[in-house]
Amino acid sequence: MTLFEKIANHEIPAKIVHEDDDLVAFHDINPQAPHHIIIIPRRPIASINEVEPNDAELIGKMVILAKELAQRLGVSDSGYRLVFNCGAQGGQTVEHVHLHLIGGRQLHWPPG
Ligand code: AMP
């Protein structure tokens, strides 16, 4: 079972901000900005490389939830970043697909 499945199952503590039948969202344990939320599907897809056309609705729900959480956090107008890291060079460390919602400060580009 992945670390994020254990968080979704409440087997590992996390500051959960949203749960529904498909998705769970919680505070990143090592936040990179004042707001840093991780959004996961309950189903443990390993990475974006394993996403299939049948997952389009699920991935879309992740983006819609990110938008709603950004509104709740008050960063919709100031701006924020959504990131899927994929694989080693993409910086992925947890093999359970997840969307980072990062905001609350000026973010820079290109990323490091
Ligand atoms: P990534 O590097 O894209 O795979 O992102 C994994 C993220 O999960 C990192 O930003 C970590 O800080 C975060 N993380 C790791 N363990 C935990 C945990 N127990 N609770 C919350 N976030 C975590």
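**Charges.** I began with the charged side chains: the protein chain carries 9 positive and 14 negative ones, and the centres of the two sets lie 7 Å apart. Lys and Arg count as positive here and Asp and Glu as negative, with His and the chain ends not counted. The place of a charge is NZ of Lys, CZ of Arg, CG of Asp or CD of Glu.

**Ground rules.** I noted that this is a predicted model, where local features need pLDDT of at least 70 and side-chain atom pairs count only at pLDDT 80 or more, while totals for chains, interfaces and linings use all residues. Residues are numbered from 1 along each chain as its sequence is written, and side-chain values use heavy atoms, with hydrogens and water left out.

**Overall fold.** I found 3 helices and 5 strands in the protein chain. Helices (H or I, at least four residues) and strands (E, at least two) are DSSP runs, numbered from the N terminus. Along the sequence, the pattern reads α-β-β-β-α-β-α-β. The radius of gyration is 13 Å, close to the 13 Å that the globule rule gives for 112 residues, so the protein chain is as compact as a globular protein of that length. That radius is taken over C-alpha atoms, and the rule is 2.2 Å times the number of residues to the power 0.38. I also noted the box that the C-alpha atoms fill, roughly 35 × 30 × 25 Å along the principal axes.

**Surface and inside.** Of the 112 residues, 36% are buried. Buried means under 20% relative accessible area, exposed over 50%, and partly exposed in between (1.4 Å probe, protein chains only).

**Cores.** Which residues have the most contacts inside the largest nonpolar core? I listed Ala-25, Ile-37, Ile-39, Met-62, Leu-65 and Leu-69, in a core of 16 residues. A nonpolar core is a set of buried Ala, Val, Leu, Ile, Met, Phe, Trp, Tyr and Cys residues joined through side-chain atoms within 4.5 Å. Strand 2 (23–27), strand 3 (35–41), helix 2 (56–73) and strand 5 (99–103) each supply at least two residues of this core. The largest share, 7 residues, comes from helix 2. I then found a second, separate core of 8 residues, which includes Ile-7, Ala-8, Val-24 and Ile-38.

**Ile-37.** Leaving aside neighbours within four places in sequence, I saw Ile-37 in contact with several residues, among them Val-17, Ala-25, Leu-69 and Leu-101. Contact means heavy atoms within 4.5 Å.

**Between helix 1 and strand 1.** His-10 lies in the loop between helix 1 (3–8) and strand 1 (16–19). Its phi is near 65°, a positive value in a residue other than glycine. His-10 counts as exposed at 51% relative accessibility. Lys-15 lies in that loop between helix 1 and strand 1 too, and is exposed at 61%. Leaving aside neighbours within four places in sequence, Lys-15 is in contact with Ala-25, Phe-26 and His-27.

**After strand 5.** Is Trp-109 buried or exposed? It is exposed, with a relative accessible area of 66%. I placed Trp-109 in the segment after strand 5, and Pro-110 is found in that segment after strand 5 as well. The peptide bond from Trp-109 to Pro-110 is cis, with omega near 5°.
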